[in-house]
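This briefing goes through one protein model by topic. It begins with the chain as a whole and ends with single residues.

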Amino acid sequence: MAGLWGGTICQASWVLVLAIACVASAAAWVYLVVAHGGFWLTSQRLPPVGSPAGNAEPGAAAGPGPETWPTVAAVVPARNEAESLPATLPALLAQDYPGEFRVFVVDDNSDDGTGAIAAELGEKAARDGGVPLTVVKGKPRPDGWAGKVWAMAQGLAATTGTATTGTAAAGTAPAPDYVLFTDADIAWSPRALRDLVRGAEADDRALVSQMALLRAQTRWERVIVPAFVYFFAQLYPFRKVNDPKSGTAAAAGGCMLVRRSALEKAGGLAPLKGALIDDVALGTLLKKHGNRTWLGLTTDISSARPYPSLASLWHMIARSAYVQLRYNPLLLVGTIIGLLLLYVAPPAGVIATLIATGAGAVDTPTAVAGIAGLAGWALMTASYVPMLRLYRLSAFRAPALPLIAVLYAAMTADSARRHYSGRAVSWRGRAADRV
C-alpha cells in the first residue's frame, strides 16, 4: 500500500513538473513569435535592382543604384577547393556589375591544385571578358590567428597590391571602396553584386550580408539545413541585426560586403584574428564601432557545398557549436536544457495527456500540460513553416521540429566533447587552437 501511494505521488509530481514546463514553453513561444524581432519570418530581403521602393522591406534600399558605382574587390579564402571552384568561380567572375570589380582567391596552402585551377578559371574568364582575377599564395598561419581569418587578411592586403602574387601582376593599386568576403562554394546570380552594393550605398550600411541558400537536396540536408538557418535566425533575429538601436549583431560568412574605410577604422581584421566564427565576429566589430549593418536572406546566392550524409552535417554543426557558447560549460548545460524545454516539453505534454486520456486518468495538471503543450507545439510549428517554404519543402515537415532540436542538442554536446578531447576543427580540416 505504501509503495502504491509513493508511486502515485511520484507520478503526480512528474505530471506537475511537465505541466509547469509546458506552460513555460508556451509562454516562451508567445514571446518568440510576437516580440523576438520576427525571427521566423523570411521577409528580410534586398529588393532587386530597379524595383520600386514600395516593394522594399524596412531598412532595405530600393532604386536603380548610385550614379557612380564604387569599386569592389572580392576576397575568396580557398583551402582545398579544387572541386568547388569550377562550379562557382566563373559566376563570380562574370558578375554584371557597372563599376570596377576584381577578384582575389587566396590559396591557403592547398594540396589539391586549388591555386592552379583558380588561375586557369581566371584566364578563361579574362578571354571571355570577365573581371580580373588574382591568385594569392597563402603564407603560413601565425600563432593566434584562425585559419580562415588569416586567409581573409591576406586577401584584404592583396586588394591594395601590397601582397599580391599570381595571375595578375603585383603592384600598388587603388584601395577598393568595398571588400566582398565570400566563400569558394558560393554560387552567384549575375546581378547579385549590384543588389549588395546598391543596398549598402542607398541605406548607408557599412556591412551588407546575405545568408546564402544552402543546399537541401539529400534526405538529411532537407531535415537539417532549414532548421540550421531557422535556429541561426532565432539566435540573431535579422530585424534586430538591421536595427541600429539594437545591440544584436551578426553576418553570414558566405556573403559579406564591407565598406573598407569602416573596416579600417575598426582596426581591420586583426581584432578578430582568433575568431572561429568570423562572420558574427565581423558583424559585431563593425556594429560596435557605430556602423549600420544589414543581414538578410536571398535565393540569388547559394551554396554548392554538398552534405550527403548525417555525419557530414553533424560535423559541420559540431565544429562550431561550442565555440558559439564561448567554451562555457554552464552555457552548454543551459543551452541543452533550454532546447529541451522549448522544443521537447510541448509534444511531451501532448503525448502524456493522450496517454492519460486513453487510461481515463486525466487530472488538472495533465490537462494543463496537454493544452499548454499543444499551444507551444502549434506556435513552433507555425513559426517553422516560412523557412520550409523558402527551401521549397512541405509544411507537413514542421511538426517534426522537436526531433530536429534533439539532434541539434546532441550535436552541441558533441561539439563540447570534441573540444575537450582535442579533436576540434576550425576550417577545412585545419585543427583549431586549444583555448
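The model is predicted. Its protein chain has 13 helices and ten strands. Of the chain's 435 residues, 53% count as buried. Among contacts between residues at least 6 apart in sequence, 79% join residues at least 24 apart.

**Sheet layout**

- Eight strands make up an open sheet with mixed pairing, in the order β3-β2-β1-β4-β7-β6-β8-β5.
- The edges are taken by β3 (133–137) and β5; each has a single partner strand, so one side of each has no neighbour in the sheet.
- On average, neighbouring strands of this sheet are turned by 30° against each other, with direction ignored.

- Strand β2 (residues 101–107) pairs with β3 in the parallel sense, over five bridges.
- Within this part of the sheet, Asp107 has Lys137 in β3 as its bridge partner.
- Helix α3 (residues 114–127) lies across β1, β2 and β3, and runs at about 165° to β3.

**Strand pairing around β6 and β8**

- β6 (residues 207–213) and strand β7 (residues 255–259) run antiparallel and are joined by three bridges. Val208 stands opposite Leu257 in β7.
- On β8, the partner strand β6 runs parallel, with six bridges between the two. Leu207 stands opposite Thr293 in β8, and Met211 has Leu297 in β8 as its bridge partner.
- Strand β5 (residues 186–188) pairs with β8 in the antiparallel sense over three bridges. Ser302 in β8 is the bridge partner of Ala187.
- Both β6 and β8 are mostly covered: six of the seven residues of β6 are buried, as are eight of the eleven residues of β8.

**Covered helices**

- Helix α4 (residues 147–158) is largely enclosed by the rest of the structure, because eleven of its twelve residues are buried. Among the buried residues are Lys148, Trp150, Met152 and Gln154.
- The length of α4 agrees with expectation: at 1.5 Å a residue its twelve residues should span 16 Å, and its end C-alpha atoms are 17 Å apart.
- Helix α5 (residues 192–202) is mostly covered, with nine of its eleven residues buried.
- After α5 comes Asp204, which has a positive phi, near 55°.

**Crossing of α10 and α13**

- Two packed helices are described by the angle between their axes and the distance between the axes.
- For helix α10 (residues 310–324) and helix α13 (residues 401–421), the axes come within 7 Å and cross at roughly 65°.
- The crossing of α10 past α13 is right-handed.
- On the α10 side, the residues that meet α13 include Leu310, Trp314, Ile317, Ala318 and Tyr322. On the α13 side, those that meet α10 include Leu407, Tyr408, Met411, Asp414 and Arg418.

**Ser303**

- Ser303 is placed in strand β8 (residues 293–303).
- Its relative accessible area is 10%; buried means under 20%, so Ser303 counts as buried.
- The side chains of Ser303 and Asp185 make a polar contact of 2.5 Å.
- Leaving out residues up to four places away in sequence, Ser303 touches Asp185, Ile186, Ala212, Leu213, Leu214 and Arg215.

**Gln44**

- Gln44 sits in the loop between α1 (2–35) and β1 (72–78).
- Gln44 counts as buried because its relative accessibility is 7%.
- A polar contact of 2.9 Å joins the side chain of Gln44 to that of Asn242.
- Gln44 and Gln210 are 166 residues apart in sequence, while their C-alpha atoms are 9.5 Å apart in space.

Methods
Residues are numbered from 1 along each chain as its sequence is written. This is a predicted model: local features need pLDDT of at least 70, side-chain atom pairs count only at pLDDT 80 or more; totals for chains, interfaces and linings use all residues. Side-chain values use heavy atoms; hydrogens and water are left out. Helices (H or I, at least four residues) and strands (E, at least two) are DSSP runs, numbered from the N terminus. Buried means under 20% relative accessible area, exposed over 50%, partly exposed in between (1.4 Å probe, protein chains only). A polar contact is a pair of N or O atoms within 3.5 Å; within protein, one must be able to donate a hydrogen and the other to accept it, and residues adjacent in sequence count only if both atoms are side-chain atoms. Contact means heavy atoms within 4.5 Å. The expected span of a helix is 1.5 Å times one less than its number of residues. Two strands pair if DSSP finds at least two bridges between them. Axes are lines fitted to C-alpha atoms, for helices over the stretch in contact, and angles run from 0 to 180 degrees between N-to-C directions. A crossing is left-handed if the near helix is turned anticlockwise from the far one by less than a right angle, and right-handed if clockwise.
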